[in-house]
Amino acid sequence: MIWIDKYFYKPKFYQKLLAILLLPFSFLYALIAILNTKIKKEIHFNIPIISVGNLTIGGNGKTPICKAIAAEFEKSFIILRGYKRKSKGLIVVKHNYQILCNLDESGDEAMEYALNHECYGVIVSEDRIFGINKAIELGAKLIILDDAFSKFHINKFDILLQSKDKPFFNFTLPSGPYRLPKFYEKQADYIAHEGKDFLRRSYVKENQKAILITSIAKPFRLYEHFIKARACYFFADHYAFKKQELEKLLKKHNCDTLMLTFKDYVKVKDFGFKIELIKLEIILDDNFKQILKNYIQNFNLRR
């Protein structure tokens, strides 16, 4: 685990002390976050909308879950803000299975969606309302919102992901990993538990001529694969890799291959390196899929 993961999930004594000392800032953060959810009037759309989110910061599997849901329903549009992209405003990343922009414009997560062959449409927009309206205009039959649980002004079916990794403290940032107080779980329409509602598996063959690099939120999730590469390097979430620095790392370990997740692959695919892809498989439980189908069917019947 990197320092921040240990701090939130398996803190040492001094990290626990730090979390306690930061509690006044956590209370202030929680107050602002709560007020933020109450200042906008609820908006209803004439299309089913599924939101996939979590209360804690990153790494709970929103991206693969969104992809898995989109694969179940035709003409699904995934909408996200496009974190750390080098563009602003609304951009249609993919429509009718055609990619319409580059990585700089879309951001890494949106391009990961776009490179998924089963994904019909992807839109990035800081304003989810604009994104939803554009998707409807382009013929969407279902909207999937990535990380929009806190957007309570949008009428939607809220799924909260619950991973197996439990925070040590149930505090909001910075004393804990929660972005909203834990009692907001009650606002969810459905809490999807890892191991029950969905299974997450990853696999890659051993390659001692490879170095493992990753910029995912919780790199310890790849722990089982660390020994399959000659060396491992962890970068900040959404880090923009540079070709030269990766060349230096390969040379340092006398390696010729990068071992990485698909999220990281989209950022280095044009660098010309040999790649060993860590493949992630998400299996949705039949009961979970039926709950989603019931929501969509009931919504369409009410229209």
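So, helix α8, residues 243-252: Leu246, Leu249 and Leu250 are buried there. Keep in mind that we're looking at a predicted model. If you look down the axis of α8, the buried residues fall within an arc of 100°, so they line one face of the helix. Why would that spacing work? An α-helix has 3.6 residues a turn, so residues three or four places apart point the same way.

What sits on the face turned away from the buried side of α8? There you'll find the exposed residues Gln244, Lys248, Lys251 and Lys252. And on the buried side, the cover includes strands β10 (210-214), β11 (231-234) and β12 (257-261), along with helix α9 (262-268). After α8 comes Asn254, and its phi is positive, near 55°.

Okay, on to the nonpolar cores. The largest one has 36 residues, and Ile50, Ile69 and Ile159 have the most contacts inside it. Take Ile69: setting aside residues up to four places away in sequence, Ile69 touches Ile50, Val52, Ile144, Ile159, Leu284 and Leu292. There's also a second, separate core of 16 residues, with Ile47, Ile79, Ile123 and Ala148 among them. As background, in soluble globular proteins, nonpolar side chains tend to be buried together.

Now the annotated part. The unreviewed UniProt entry lists Thr56, Ile57, Gly58, Gly59, Asn60, Gly61, Lys62 and Thr63 under "binding site". From that set, Thr56 and Asn60 are in the lining of the largest cavity.

Let's zoom in on two of the listed residues. Thr56 is in the loop between β1 (49-53) and α4 (62-72), and Gly58 lies in the loop between β1 and α4 as well. Which of the two is buried? With a relative accessible area of 7%, Thr56 counts as buried because the cut-off is under 20%. Gly58 has a relative accessible area of 21%, so Gly58 is partly exposed.

And who are their partners? Leaving out neighbours within four places in sequence, Thr56 is in contact with Tyr9, Pro167, Pro177, Tyr178 and Arg179. With those neighbours left out again, Gly58 is in contact with Ala217 and Lys218.

You'll find Gly139 in the loop between α7 (128-137) and β6 (142-146), and Gly139 is partly exposed, at a relative accessible area of 30%. How far is Gly139 from Tyr14 in space? C-alpha to C-alpha, they're 54 Å apart, and in sequence the two are separated by 125 residues.

Notes:
Residues numbered from 1 in each chain as written. Predicted model: local features only at pLDDT ≥ 70, side-chain atom pairs only at ≥ 80, totals over all residues. Heavy atoms only, no water. UniProt positions renumbered as here; feature names shortened; annotations may be inferred. 1 Å grid on protein atoms, 1.4 Å probe; cavity = no way out; pocket = protein on both sides within 12 Å on 5 of 7 lines; lining within 4 Å. Helix = DSSP H or I, 4+ residues; strand = E, 2+ residues; numbered from the N terminus. Buried < 20%, exposed > 50% of the residue type's maximum accessible area, 1.4 Å probe, protein only. Contact = heavy atoms within 4.5 Å. Core = buried A, V, L, I, M, F, W, Y, C linked by side-chain atoms within 4.5 Å. Arc of directions from axis to C-beta.
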